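Dear colleague,

I am passing on the structure below, and my notes on what was found in it follow directly after.

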Amino acid sequence: MKAWLAHHLHSLKIAAEQFRAAPVATLFTILVIGVAVSLPAGLYVLLGNLERAAGGVKPQAEVTAFFKEVDETKARALAASLKKRVDVADVQFVSKTDGIQRLESAGLAEVALGLPENPLPHTLVLTPKEATPEALEALAAEVKSNPDIERVLVDTDWIKRLAALMQLGRDLVGMLIVVLGVALAAITANTIRLQIYAQEDAIEVARLIGATDRFIRRPFLYFGGIQGLVGGLAGWSLVIAGGLLLESSVAQVAAAYGSQFLLAGLSLQETGLLLLFSSMLGWLGAYFAVGRALRQGD
Amino acid sequence: MSAQPLIEISEVTKRYPGGHEALSNISLGIEQGEMVFLTGHSGAGKSTLLKLIAAIERPTSGHIIVNGQNVGRMKRPALPFFRRNIGLIFQDHKLLYDRSVFDNVLMPLHIQGVIGNDAARRVRAALDKVGLLNKERARPITLSGGEQQRLCIARAIVSRPALVLADEPTANLDDAYARDIMDMFRAFNEVGVTLVISTHDQDLINRYGGHKVTLAYGKQVV
């Protein structure tokens, strides 16, 4: 156990010596890894914030019906009768006054205050049991035939578009993770390859006097892993720095809409995952580079 | 000891890619505790034979048994553990110039998981045997040729192997240094270490005697 620990400490020491031997080169490599990490991480954060901004919107199929100028009891009666239908899951009645209150609480108080009188009609929000476009269209047509209804909105399109855009963003993040993950491993493998060149003699002698592959590999693995970890930290810092830079302008935009919006960064778990991922890729790159060198030595 | 020799070489041929035959049909047994001289002109196959015994290279045909293990068929993961029982001394020393004399000798122990005071004591004992104890902090590059060869010997014996293979250990040394080194080998032999030493120096062999194997153009001269 003590010998095992000493082995690992020694490997760490050798890895640290490698850092010291080429500080500038290592720094540049870490920077490159940082940029590679920050791209998918940054996009991920951006996407998370967009999703949050689009917040209250449920990606759900709804039919919205606006009444003509009718009094509230009549409107409520229609809502109640619609609720009894088998193809309707839920009916929400939003009266004129409810509507203006919602507008205010949505952060558009100034807009609401600027209006001379409440221009909003009574509104019905219908959720059909089936969320297929056909069911929606059928329900919409039915509601529209009622003489008290002014206009019917089937607002599925933009929800679909938003969901599709978000999905596109997520796919993009996934793609970037794969591409830049491979790049990260390759960058590490290349650094390690150069180190192996510089240490060919030591590796040859170690093998001749009975070092196992694992023994030879270990310091390089440590180096790759630590470089990945530090690179991951650099990437994380880039994302956080970017967030801080954008924060004030985002706040300004939000303020211009009479709203408040705080940019969210990466959570502790996400940060941990990011660092784990970048260390593992560094480790992997080192593993391949050393494995190749060991096979060539045979 | 047992009836089986420590090293048994039967009908070994080594052909390198390109067709050059470095060894042809060599058969030879080396007993435990022997001091064997491999001799012959340069290119006769002395180094190749040593490399085959240490499993650095594999025979094209025939087999080599060392300590009951078939070296030519040994699996890759078993090689390091096999080599730990052999002290290797190289003609070109193969010292590491980026670390001290002490650290060079420490390397085999470290590889075998010997650490701390125990390791330091053994390193100093090995350095003491070859007369380099006062140079433990020096870099190998600052040592003379004879001292570098002795350092290589210290590294080979620090893990107390039962078998030492030395490839032209006295090649580039003047006579006094060469005798120094041979005296050391004889001292190891006296405590039971089996030695296989390749050399083309006939005077040395005549002076130290022992089992002599002569090679010429890859063939055994009887």
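Leaving aside residues up to four places away in sequence, B:V164 touches B:G87, B:I89, B:A156, B:I157, B:F188, B:V193 and B:L195, where contact requires C-beta atoms, placed from the backbone, to lie within 7 Å. This is a predicted model, in which local features need pLDDT of at least 70 and side-chain atom pairs count only at pLDDT 80 or more, whereas totals for chains, interfaces and linings use all residues. Residues are numbered from 1 along each chain as its sequence is written, with chains lettered from A and ligands numbered from 1 in the order in which they are written.

B:V164 is also among the residues with the most contacts inside the largest nonpolar core, which has 66 residues; such a core is a set of buried Ala, Val, Leu, Ile, Met, Phe, Trp, Tyr and Cys residues joined through C-beta atoms within 7 Å, buried meaning that 20 or more other C-beta atoms lie within 10 Å of a residue's own. Another core, apart from that one, has 33 residues, including A:A41 and A:V45.

As for the two chains, 13 residues of chain B are in contact with 13 residues of chain A. The side of chain B that touches chain A has nine nonpolar, one polar and three charged residues (Ala, Val, Leu, Ile, Met, Phe, Trp, Tyr, Cys and Pro count as nonpolar, Asp, Glu, Lys and Arg as charged, and the others, Gly among them, as polar).

Best regards

Conventions. Buried ≥ 20, exposed ≤ 12 C-beta atoms within 10 Å, placed from the backbone.
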